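Let's walk through this one together, one feature at a time. Have a look at it first, then we'll talk.

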Amino acid sequence: MTSAQPIELYRKREKIYPRAVSGIFARFRITGVLVLLGIFYGLPWLPWPMFADQQRQAVLFDLPNRKFYLFEWVFWPQDFLFLSGLLILCALALFFFTALAGRLWCGYACPQTVWTEVFMWIENWIEGTRIQQIKRDKAPMSSEKFWRKSAKHAVWLILSLHTGYTFVGYFTPLDVLTHETLTATLGPWELFWILFYGFATYGNAGWMREQVCLYMCPYARFQSAMFDAETLIISYDEARGEPRKRGRNANDDPPGDCVNCQLCVQVCPTGIDIRDGLQYECIGCAACIDACDEVMEKVDKPKGLIRYTTESVLQGKPSRIMRPRIYVYTVLLVVLVSVLGFGLANRIPLELDIIRDRNALFREASNGYLENVYTVRVMNMEERDHTYTLNVDGELDFFINGKNTSIDIQVPAGEVASRAISLQVDPYTLTRSNYEIFISITSQSNAELTRREPARFLGPDDF
């Protein structure tokens, strides 16, 4: 009778020491890391000309003033539709690339992958190769081990704090943030988010690493819903690779191409064996492809024992990478990009709201004319002052505020101006009690800045 074995519900993490690898996919990852981090760290420092003598930060999310600067555009909460479209576009793009070639996002562009890659570069630079790190971690503490570990964590912390500082720089202008940092006058929220985001970067990329992908990221759990037999995934060609032997066996049967060198396991950042089949832990970094291709080249075997392929191809069936769902995603992406592009190209940085006076539907003015009162709210969404001309269109001849056919409204840059106006009309020209009218405003310095909104002019019912 065998004794029962205890089941471990929690297990201490075993550190993974990914082996350095070179190859075409490694170059893709390095290029992706440099480009993405270059954009993240560089964008807040990029100035953008407002006028001839003024500049601002090219990308700035000014939450207190509810303005979002993105190069030449200034978005307001009223432009939420564009943000919604952008989020839908990102979701569709994720579905498209996942259905086409698996976890491309995870392997090359996910922030967790990008910063973990950088932290591992720092670790390899200070602590040495994979073998050196394993030996040093098993050895007792020494002066060399202490200074190498201390130096590594010091560099990690500096990079993490710089990451948090850059993140806050997207919400607080960097010139202001730099001045506050140098004069030790940082606000509590700014200091909190610098430390919070820095700590998150240090913990996720330096300590947790693959644990974030394995246990915290939801994408690993639902990715299978977007996979099918025609999705390009990183796979081991079992028919070609088995049996995994060196040389020939006793019966002189030819071995498979896999020499069981274990390099595909050693280079994997999540520590899995790709030869066991598709696993949710695989982040699609393709490091195993580079390692295996290098080995195949040395043993004079064709490359591609581990490669991007489809389940159908591995089963000997024809591949259909371009299939209906890919066409559907493509059409949706093209339509959405076109709609967003058209909307941005024709976006008018001006808002006009017309609010009727609810206290009285109409009233008789001192001059005997019939009068309706409105509140006009004009939002100037540009970074320069404008003077707008307000006009009224309709079936009748209206007078604005008793004597004008048009009025001027001055609105400073990024401000909202409210103006009460009265529309008067000769009561003898009325033939019914309800008229549709249009109130429009046009900038005097730029005729393209114009808005036209409908309203109602009400009169008595006794006709």
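**Reading the features**

Q: What should I know before I start?
A: This is a predicted model, where local features need pLDDT of at least 70, side-chain atom pairs count only at pLDDT 80 or more, and totals for chains, interfaces and linings use all residues. Residues are numbered from 1 along each chain as its sequence is written, and side-chain values use heavy atoms, leaving out hydrogens and water.

Q: Is Cys288 buried or exposed?
A: Buried means under 20% relative accessible area, exposed over 50%, partly exposed in between (1.4 Å probe, protein chains only). Cys288 has 10% relative accessibility, so it counts as buried.

Q: How many disulfides does the structure hold?
A: A disulfide is a pair of cysteine sulfur atoms within 2.5 Å. Here there are zero. For Cys288, the closest cysteine sulfur is in Cys282, 6.3 Å away, too far for a bond. The sulfur of Cys264 has its closest cysteine sulfur in Cys261, at 6.3 Å, again too far.

Q: How do I describe two packed helices?
A: You give the angle between their axes and the distance between the axes. Axes are lines fitted to C-alpha atoms over the stretch in contact, with angles from 0 to 180 degrees between N-to-C directions. Helices are DSSP runs (H or I, at least four residues), numbered from the N terminus. H1 (residues 24–42) and H4 (residues 111–127) pack at about 105°, axes 10 Å apart. That makes H1 roughly perpendicular (65 to 115 degrees) to H4.

Terms used:
Helix = DSSP H or I, 4+ residues; strand = E, 2+ residues; numbered from the N terminus. Parallel < 35°, antiparallel > 145°, perpendicular 65-115°, else oblique.
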